[in-house]
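Subject: Structure handover

Hello,

Here is the structure we spoke about. Please look it over first, then read the notes below it.

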Amino acid sequence: MSFFSGSSTPAAPASAGAEVPRHVAIVMDGNGRWARKRFMPRVFGHKAGMETVMNVIADCQRRGISFLTLYAFSSENWKRPEEEVSGLMNLVLVGVSKYLMRLAEQGVRIKVMGERSAVSPKVREAWNEAERVTANNTGLTLTVAFNYGGRWDVVQACRQAMADGLTADQLTEEALSARMALSHAPDPDLFIRTGGEIRISNFLLWQIAYAEFHFTDCLWPDFDVAEMDKALAAFARRDRRFGGVKTEASGPAV
Ligand code: IPE
Ligand code: IPE
Ligand code: MG
């Protein structure tokens with residue numbers, strides 16, 4: 001099933017009634033392999049992946065998910081060929097100019113997390129504009145992880161704490177959480193990785209302590225409503241205990 005199959009009226013979400021995660025984080029992997037299957041350059045896959053991003057945003061809004069966090073470019077992705085890196089940087093500029101107004105009208109609030117000083121001024125300005133234009137929106141919060149690494153995030157939070165003059169005793173989990181790049185959102189409930197690899201690849205190391213994991217072989221450009229249905233159905237079946245135990249009377253873990 002594709003996002004656009006069937007009638008123009010969206011069908012009721014398959015997850016309706018079941019518990020919908022408040023925060024979904026996705027490692028959007030498989031663009032390169034998707035392109036290779038079509039004998040096309042890797043950047044072709046990234047372009048297709050950007051269309052999927054737009055569809056997934058709309059789908060999450062329709063399902064009532066409040067926070068969506070997408071891994072778009074990792075701290076380690078600079079190791080890729082220059083042509084691919086510049087193609088990805090260019091896609092940011094194209095994507096912001098093509099889709100920012102639509103997202104703003106949809107009520108999406110955009111946040112970007114990652115080491116910004118390393119990206120070009122043009123790309124930095126595009127991200128700044130996306131944040132500025134959507135800052136007062138109250139719909140879905142979309143966080144784009146760009147030049148982001150989970151280890152970078154822990155280190156930058158510690159550095160901030162030191163710059164704020166915190167003593168060792170004051171460096172609590174709460175104090176560090178408040179300085180992490182995703183401090184504007186609750187911890188992810190559901191972590192999805194497409195593309196068949198079963199690894200984190202330096203995504204949200206601190207914040208996924210109690211996330212539920214869903215891995216799928218589906219390549220990111222092919223990720224659609226049916227795939228999201230599967231991920232949310234898997235999530236709904238999980239018994240989240242957060243280290244506690246379930247009491248017969250109360251149901252939820254205590
Ligand atoms: C993920 O797709 C997108 C980025 C890392 C930017 P890949 O480009 O890693 O695709 P595969 O894993 O090579 O298929
Ligand atoms: C993770 O995918 C990064 C993004 C999706 C942005 P990679 O393709 O870079 O991860 P590895 O290299 O397979 O671990
Ligand atoms: Mg990959």
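Start with ligand 2. The shell around ligand 2 has five nonpolar, two polar and four charged residues. (Classes: Ala, Val, Leu, Ile, Met, Phe, Trp, Tyr, Cys and Pro count as nonpolar; Asp, Glu, Lys and Arg as charged; the others, Gly among them, as polar.)

Before going on, some ground rules. This is a predicted model: local features need pLDDT of at least 70, side-chain atom pairs count only at pLDDT 80 or more, and totals for chains, interfaces and linings use all residues. Residues are numbered from 1 along each chain as its sequence is written, chains are lettered from A and ligands numbered from 1 in the order in which they are written, and side-chain values use heavy atoms, with hydrogens and water left out.

**Ligand 2**

The shell is made up of Val27, Met28, Asp29, Tyr71, Ala72, Phe73, Asn77, Arg80, Arg193, Arg199 and Ser201. A residue is counted here if one of its heavy atoms lies within 4 Å of the ligand. Strand β2 (residues 67-74) gives the most to this shell, three residues. (Helices, H or I, of at least four residues and strands, E, of at least two are DSSP runs, numbered from the N terminus.)

Accessible areas come from the Shrake-Rupley method with a 1.4 Å probe; for residues, only the protein chains shown count as cover.

**Ligand 1**

Ligand 1 has 13 residues around it, and Asp29, Gly32, Arg33, Arg42 and Arg80 come nearest. By class they are three nonpolar, five polar and five charged. Helix α1 gives the largest share, three residues.

A side-chain N or O atom of Asp29 is 2.8 Å away from one. For Arg42, a side-chain N or O atom is also at 2.8 Å. Asn31 uses a polar backbone atom, at 3.1 Å. Taken alone, ligand 1 exposes 380 Å², and the protein buries 87% of that.

**The pocket**

Where do the ligands sit? (On a 1 Å grid over the protein atoms alone, a pocket is an open set of points with protein on both sides within 12 Å along at least five of seven lines, and a cavity is a set where a 1.4 Å probe fits but cannot get out; lining residues have an atom within 4 Å of a point.

The volume of the largest pocket is about 1,000 Å³. Its lining has 43 residues, with Met28, Asn31, Tyr71, Ala72 and Phe73 closest to the centre. Helix α3 supplies the largest share, eight residues. The lining divides into 24 nonpolar, ten polar and nine charged residues.

**The cavity**

There is one cavity of 30 Å³ or more. The largest cavity holds about 30 Å³ of space. (Grid points are joined across faces, edges and corners, and a volume is the space filled by probe spheres set on the points.) Val112, Met113, Gly114, Glu115, Arg116, Val119, Trp127 and Phe146 line the largest cavity.

Best wishes

How values were computed. Polar contact = N/O pair within 3.5 Å; in protein donor to acceptor, adjacent residues only side chain to side chain.
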